[in-house]
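Here is a short tour for anyone meeting this structure for the first time. Have a look at it below, then read on with the model in view.

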Amino acid sequence: QVQLVESGGGLVQPGGSLRLSCATSGFSFSKAVMAWVRQRPGKGFECVSSINMEGTATYADSVSGRLRISRDNSQNTLYLQVINLKSEDTAKYYCASWSHATQGFDNWGQGTQVTVSS
């Protein structure tokens with residue numbers, strides 16, 4: 001059974017930082033392209049970062065310079081470090097695995113809420 005479980009969200013003041021984690025099981029994590037996708041209130045899904053098997057990362061322009069994605073293949077865990085949080089970063093953050101077969105995200109976690117507010 002495939003499982004992705006995010007943690008680390010919460011209420012943070014503007015300018016603060018967070019580290020999100022995504023513990024996975026039930027699939028070949030080390031061979032998967034993984035991503036963090038967020039949904040801001042009233043908005044659609046936005047892929048903010050992805051990382052391939054070799055550890056090469058990509059970032060959305062909207063968050064460039066403030067995010068760092070990483071993975072620990074020995075622990076089947078994906079991470080997202082976010083610094084200098086802004087109110088517009090308020091969103092539910094999901095980790096997801098990419099399927100080359102379907103050219104889409106095929107496995108999703110339940111999400112973790114990040115709220116940036118003073």
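S99 counts as buried, at 10% relative accessibility. Here buried means under 20% relative accessible area, exposed means over 50%, and partly exposed is in between, using a 1.4 Å probe and protein chains only. This residue lies in strand β9. Strands and helices are DSSP runs numbered from the N terminus, with at least two residues (E) for a strand and at least four (H or I) for a helix.

What does S99 touch, once its neighbours within four places in sequence are set aside? It is in contact with G104 and D106, where contact means heavy atoms within 4.5 Å. The side chain of S99 also reaches the backbone nitrogen of T102, at 3.1 Å. K43, on the other hand, is 24 Å from S99, C-alpha to C-alpha, and 56 residues from it in sequence.

## What kind of model this is

This is a predicted model, in which local features need pLDDT of at least 70 and side-chain atom pairs count only at pLDDT 80 or more, while totals for chains, interfaces and linings use all residues. Residues are numbered from 1 along each chain as its sequence is written, and side-chain values use heavy atoms, leaving out hydrogens and water.

## A four-stranded sheet

Now for an open sheet: its four strands run in the order β1-β3-β8-β7, with antiparallel pairing. Two strands pair if DSSP finds at least two bridges between them. At the edges are β1 (3–7) and β7 (67–72), each of which pairs on one side only. From one strand to the next, the twist averages 15°; axes are lines fitted to C-alpha atoms (for helices, over the stretch in contact), and angles run from 0 to 180 degrees between N-to-C directions. As background, strands of a sheet pair through backbone hydrogen bonds, either parallel or antiparallel.

Strand β8 (residues 77–82) pairs with β7 over six bridges in the antiparallel sense. Along that pairing, R68 has Q81 as its bridge partner in β8, and L67 stands opposite V82. The β7 and β8 hairpin has four residues between its strands, and N76 takes a positive phi there, near 50°. β8 also pairs with β3, again antiparallel and over six bridges, with L80 in β8 as the bridge partner of L20. Five of the six residues of β8 are buried, so this strand is largely enclosed by the rest of the structure.

## One disulfide and another cysteine

The structure holds one disulfide, meaning a pair of cysteine sulfur atoms within 2.5 Å. It joins C22 to C95, with the sulfurs 1.9 Å apart. Because C22 lies in strand β3 (residues 18–25) and C95 in strand β9 (residues 91–99), the pair ties together parts that are 73 residues apart in sequence. Both cysteines, C22 and C95, are buried.

C47 counts as partly exposed, at 35% relative accessibility.

R38 is found in strand β4 (residues 33–39) and is buried, with a relative accessible area of 2%. Leaving aside neighbours within four places in sequence, its contacts include G44, F45, V48 and S62. Its side chain also joins that of Y93 in a polar contact of 3.0 Å. Polar contacts are pairs of N or O atoms within 3.5 Å; within protein, one must be able to donate a hydrogen and the other to accept it, and residues adjacent in sequence count only if both atoms are side-chain atoms.

How many salt bridges does a search of the whole structure find? It finds four, a salt bridge being a side-chain nitrogen of Lys or Arg within 4 Å of a carboxyl oxygen of Asp or Glu. R38 forms one with E46, the closest N and O atoms being 2.9 Å apart. R38 also meets D89 in a salt bridge, at 3.0 Å from N to O. That pair links distant parts of the chain: D89 sits in the loop between β8 and β9, R38 in strand β4, and they are 51 residues apart. D89 is buried, as is R38.

E46 forms a salt bridge with R40 too, with 3.7 Å between the closest N and O atoms. E46 is buried, with a relative accessible area of 18%, while R40 counts as partly exposed at 28% relative accessibility. Salt bridges that share partners join R38, R40, E46, R66 and D89 into one network.
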